[in-house]
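This briefing covers the ligand site and a handful of individual residues. Please read it alongside the sequence and the 3D view.

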Amino acid sequence: MKSRNPKLIIFTGPSGVGKGTILADFFKKVDKKIVYSISNTTRNPRDGEINGMHYFFISKEEFENMIKEGDFLEYACYSGNYYGTNKKFVEEKLKQGKSVLLEIELQGALQVMKKCPDAVTIFIKPPTFQELEKRLRGRHSEDEQTIQKRLLIAQEELKNADKFHYVIENKVVNDAVCELIEIYNKETA
Ligand code: 5GP
């Protein structure tokens with residue numbers, strides 16, 4: 001297997017833009033030299049989500065203890081719930097020579113950019129805001145109030161796309177996946 005230069009990769013984009021769909025295909029197509037960082041969250045699992053695979057679903061109290069213990073590389077409160085990246089996991093994988101991909105929202109991404117200036121940063125944007133709203137509603141996983149909150153946050157997030165090294169427009173999923181693979185190959189060469 002070709003040797004690679006391990007990198008921390010930040011993958012950010014508004015809720016509903018299709019990050020999960022892109023990543024599911026990306027991880028099927030690339031080598032095992034990159035791993036997905038499974039976050040901790042205090043939000044409730046959606047139908048089909050598995051603890052330890054999609055997230056580690058923990059209580060607010062457990063999350064706040066982890067903050068106190070300094071367990072997070074970054075964390076944020078997003079739409080009423082905590083989300084955070086396990087620092088030890090990231091450090092261990094990088095030490096083992098693997099790249100680590102963080103799928104995180106904007107506040108967390110900005111924290112990691114400060115702490116890890118060598119991180120490769122990627123922002124996924126929708127073709128239009130209307131399309132984002134359509135996708136968010138189409139997945140039927142949130143109630144109206146949550147959708148409204150997420151759309152408001154999305155407006156702010158989209159204004160920050162130019163802070164990232166790469167911006168991928170997710171118009172056709174397959175094209176977005178190809179772009180992501182190209183970035184991965186280039187940045188870890
Ligand atoms: P969802 O509830 O839709 O799974 O995630 C909501 C948002 O939180 C998404 O933008 C997702 O990328 C982000 N997110 C997931 N894990 C983390 C994390 O560990 N840290 C931060 N800051 N955001 C995260």
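Predicted model: local features only at pLDDT ≥ 70, side-chain atom pairs only at ≥ 80, totals over all residues.

Phe 57 belongs to strand β4, which spans residues 56–57.

**Phe 57 and Thr 12**
- Phe 57 has a relative accessible area of 16% and is therefore buried, the cut-off being under 20%.
- Between Phe 57 and Thr 12 there are 45 residues of sequence separation, and their C-alpha atoms are 20 Å apart.
- Thr 12 is part of strand β1, residues 8–12.
- The relative accessible area of Thr 12 is 0%, so Thr 12 counts as buried.

**Ligand site**
- The shell around the ligand holds 18 residues, and the closest are Ser 39, Arg 43, Tyr 55, Tyr 83 and Glu 105.
- Sorted by class, that shell contains eight charged, five polar and five nonpolar residues.
- Strands β5 (72–78) and β6 (81–86) each contribute at least two residues to the shell.

- Tyr 83 places a polar side-chain atom 2.6 Å from an oxygen atom of the ligand.
- Glu 74 has a polar side-chain atom at 2.8 Å from a ligand nitrogen atom.
- For Lys 19, an N or O atom of the side chain is 3.1 Å from an oxygen atom of the ligand.
- The ligand on its own exposes 510 Å², of which the protein buries 96%.

**Residues with positive phi**
- Ser 79 is not a glycine, yet its phi is positive, near 50°.
- Ser 79 sits in the loop that connects β5 and β6, and those two strands each supply at least two residues of the ligand shell.
- With a relative accessible area of 15%, Ser 79 falls under the 20% cut-off and so is buried.
- His 140 is another non-glycine residue with a positive phi, about 50°.
- The loop between α5 and α6 (144–158) contains His 140.
- His 140 has a relative accessibility of 71%, which is over 50%, so His 140 counts as exposed.

**Helix positions**
- Phe 129 lies in helix α5, residues 129–138.
- Is Phe 129 buried, partly exposed or exposed? Its relative accessible area is 24%, so Phe 129 is partly exposed, between the limits of 20% and 50%.
- Phe 129 and Leu 151 are separated by 22 residues in sequence, and the distance between their C-alpha atoms is 8.9 Å.
- Ala 109 is found in helix α4, residues 106–115.
- Ala 109 is buried because its relative accessible area is 0%, under the 20% cut-off.
- From Ala 109 to Lys 33 the C-alpha distance is 22 Å, with the two residues 76 apart along the chain.

Definitions and conventions:
Residues numbered from 1 in each chain as written. Heavy atoms only, no water. Near = heavy atom within 4 Å. Polar contact = N/O pair within 3.5 Å; in protein donor to acceptor, adjacent residues only side chain to side chain. Areas by Shrake-Rupley, 256 points an atom, 1.4 Å probe, with all protein chains shown as cover. Helix = DSSP H or I, 4+ residues; strand = E, 2+ residues; numbered from the N terminus. Nonpolar A, V, L, I, M, F, W, Y, C, P; charged D, E, K, R; others polar. Buried < 20%, exposed > 50% of the residue type's maximum accessible area, 1.4 Å probe, protein only.
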